[in-house]
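Please find below a short note for a colleague who is new to reading structures. It should be read with the sequence and the model side by side.

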Amino acid sequence: MNIVECVNVTKTYRQGKMEVRALGGVSLRIKKGGFVALAGPSGSGKTTLLNIIGGLDAADSGSVIVEGNVLDNMSQTELAQLRLRKIGFVFQSYNLIPVLSALENVEFVMLLQGVPTKERLDRARTILDDVGLEGLYDRRPAELSGGQQQRVAVARAIVSDPAIVLADEPTANLDSKTGRELLEMMGEMNEQKSVTFIFSTHDKMVMDHARRLVLIRDGLLADDQDRDP
Amino acid sequence: MYLRLGWRNIWRNPRRTTVILIAIIIGVWSMIFLGALMRGMTDQMIRNGIATLTGHIQIHQRDYRNDPAVENSIEDPAPIEAALDERLPTGAHWSARIRVTATAANARYAGGVTLVGVDPQMEARVSFIGKAIKEGRYLREDDPFGIVVGRALAEKFETGLGKKLVLMTQDTEKNIASRAFRIVGIYRAEMEATEKQFVFVTLPAAREMLKLEKGISEISILLPGHEMVAATLASLRDAPPLSGCDVESWRNLLPLMRAYLEIYDSFIFLWYLVVFIAMAFGIVNTTLMAIFERIREFGLFKSLGMKPWWIIKEVMAESFFLLLLGILIGNILSFLSVFLLMNHGIDLTRFAAGSEFFGISRVIYPSVYGRDVLLANLVVFILGLVVSLYPALKAARFKPVEALAHV
Ligand SMILES: Nc1ncnc2c1ncn2[C@@H]1O[C@H](COP(=O)(O)OP(=O)(O)O)[C@@H](O)[C@H]1O
Ligand SMILES: [Mg+2]
């Protein structure tokens with residue numbers, strides 16, 4: 001079963017008279033439970049594609065379907081609702097709400113979803129333990145290392161069992177050892193909880209962790225291979 | 001969680017929060033405290049006006065208002081006085097007076113005054129004079145040549161206790177009547193003008209001088225409270241013995257005062273408006289700054305699936321706390337200031353010469369009206385929330401991708 005389906009997605013940015021073609025017709029199917037790397041040099045269109053799959057940005061043409069929901073003509077409110085229930089984001093950096101503790105950051109999404117307090121607290125603690133942050137519940141983001149912050153972000157993204165987690169260069173700001181550890185943790189979560197991960201990267205080491213590697217160049221798919229990490 | 005977020009967010013930039021809090025506090029303080037001072041001023045104006053021989057209600061012979069002369073006296077006050085005793089609420093007092101313009105003279109000086117003939121006991125319960133004697137004594141029932149004058153008049157006439165003062169006026173037969181009095185008491189009033197204007201003698205002395213049998217110029221009534229004026233007025237106007245009389249409330253008797261009160265009311269309203277507009281700019285500005293510093297965070301909120309309305313609530317929570325804190329502290333400071341001035345007031349003696357014209361007292365005491373305080377707080381709180389909708393809407397409208405790309 002395909003959890004994400006992109007059909008001929010295009011996107012062109014306009015800045016005054018300048019036109020930049022970010023995506024020139026991308027078609028892509030991703031199966032439930034996948035652990036997919038979107039790889040390509042800087043400026044190739046990875047962020048744009050992830051944002052469009054996540055409903056943060058709209059495609060100019062083509063179609064995007066996430067777990068049976070067609071995003072193409074959804075209103076802002078419907079897209080917000082979809083992100084809230086089905087999609088987790090992890091960005092390169094500044095993922096966390098600075099005034100909330102690690103635990104509260106994870107609780108926050110569940111609060112928006114209307115999960116009852118007691119359950120919220122239990123699930124937030126459990127997931128933080130799962131990503132290896134036991135005992136750091138009450139730390140504010142500023143009191144956590146970069147790797148720890150990314151772990152909180154992953155925990156927050158997966159805590160409510162979304163259809164997909166979209167991670168845009170999640171290791172780009174980490175040293176290679178911390179980056180590898182984060183990726184290994186994401187891999188574990190992918191296997192244990194069968195969460196679908198799509199992450200972008202231009203780092204060879206990160207690509208090696210993927211079980212499917214989609215290469216993108218100048219806004220077009222260049223290669224697509226299944227692999228055994 | 002919104003409240004927790006809002007509360008913590010306002011303390012991310014303590015300096016900015018402190019600045020805007022101070023602005024709100026000063027705004028609220030100036031609204032409540034200066035409002036209370038102005039109320040105190042007008043309250044005292046009214047009280048002075050009423051105590052300075054006006055009373056809450058006055059009764060005159062119908063023609064007296066047009067021509068306040070002896071001929072237009074109430075010739076036989078007895079039936080009216082009987083009606084008063086019957087119809088006035090308990091706790092009300094009245095005093096019958098003779099009031100004519102006269103010339104006062106001594107060896108050095110002569111000048112116009114208002115001669116007031118009173119029953120010393122009854123008058124003391126109605127107007128200021130009973131408690132105003134600062135030197136000598138008040139009038140007695142049997143005091144045919146005693147006169148009480150104001151301090152300012154005594155100074156102007158370079159006279160004092162025990163000295164003679166001659167009063168001249170026209171009697172009922174249109175002849176010049178004159179009578180020599182001896183100063184038995186000197187009073188002080190809130191206003192110098194009062195001290196210069198009124199001299200007090202007993203009713204029998206005034207009658208003898210004016211050749212009046214039983215007649216009086218006016219009856220002044222003091223009620224236990226302002227709120228009884230309307231009902232009492234209606235009841236008295238119905239009384240048959242008063243059918244030939246004008247019965248009027250202080251509002252009609254002091255038209256200038258009424259005009260000032262209205263001006264003060266609009267002034268207070270204007271004052272609230274000005275203070276609020278200044279404050280509103282501060283609130284909007286600060287909140288906008290706080291929002292533009294955190295554009296990325298609002299992008300994050302959107303990526304988490306927050307709907308625009310939720311983001312508005314988050315921003316409003318911050319304004320809510322700023323306003324709540326500012327209002328709280330502002331109120332505490334206002335009540336402290338009022339409390340400090342409760343006993344001693346603000347002494348305006350230095351400016352008395354200028355302010356007297358308006359009937360403002362020498363010392364102003366703040367007077368707090370629940371209605372004013374409530375209004376000030378509501379204005380700040382509700383309008384404060386309304387103006388912070390603008391930055392909140394701005395935050396809710398950030399495009400997620402652009403906000404996230406913001407560094
Ligand atoms: N908001 C934007 N305005 C104009 N051009 C943009 C914008 N965002 C991205 N681009 C351009 O689109 C292309 C793809 O960008 P992006 O998706 O960010 O690539 P990647 O994430 O692979 O580095 C680049 O050439 C980039 O300069
Ligand atoms: Mg990118």
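1. Basis of the note. This is a predicted model, in which local features need pLDDT of at least 70 and side-chain atom pairs count only at pLDDT 80 or more, while totals for chains, interfaces and linings use all residues. Residues are numbered from 1 along each chain as its sequence is written, chains are lettered from A and ligands numbered from 1 in the order in which they are written, and side-chain values use heavy atoms, leaving out hydrogens and water.

2. Confidence. The predictor assigns the complex an ipTM of 0.94 and a pTM of 0.80. For chain B the mean pLDDT is 90, with 96% of its residues at 70 or more; pLDDT is the predictor's confidence in each residue, from 0 to 100.

3. An aromatic pair between chains. Over all chains, 16 aromatic pairs are found. Rings of Phe, Tyr and Trp (its six-membered ring) pair if their centres lie within 6.5 Å; planes under 30 degrees apart count as stacked, over 60 as edge-to-face and the rest as tilted. A:Phe108 and B:Phe301 form a tilted pair, with 5.8 Å from centre to centre and 40 degrees between the planes. Because A:Phe108 lies in helix α3 (residues 102–113) of chain A and B:Phe301 in helix α11 (residues 295–303) of chain B, this pair joins two chains. Helices here are DSSP runs (H or I, at least four residues), numbered from the N terminus. Both A:Phe108 and B:Phe301 are buried, that is, under 20% relative accessible area (1.4 Å probe, protein chains only).

4. A pair within one helix. The ring centres of B:Phe298 and B:Phe301 are 5.8 Å apart and their planes meet at 65 degrees, so this pair is edge-to-face. The two residues are 3 apart in helix α11 of chain B, about one turn of the helix. One aromatic cluster takes in A:Phe108, B:Phe292, B:Phe298, B:Phe301 and B:Phe398.

5. A charge over a ring. The charged end of B:Arg39 sits over the ring of B:Tyr369, 5.4 Å from its centre; the criterion is NZ of Lys or CZ of Arg within 6 Å of the ring centre and within 35 degrees of the ring normal.

6. The ligand site. Which residue places a backbone N or O atom 2.7 Å from an oxygen atom of ligand 1? That residue is A:Gly43. An N or O atom in the side chain of A:Thr47 is 2.6 Å from an oxygen atom of ligand 1.

Notes
Buried means under 20% relative accessible area, exposed over 50%, partly exposed in between (1.4 Å probe, protein chains only). A polar contact is a pair of N or O atoms within 3.5 Å; within protein, one must be able to donate a hydrogen and the other to accept it, and residues adjacent in sequence count only if both atoms are side-chain atoms.
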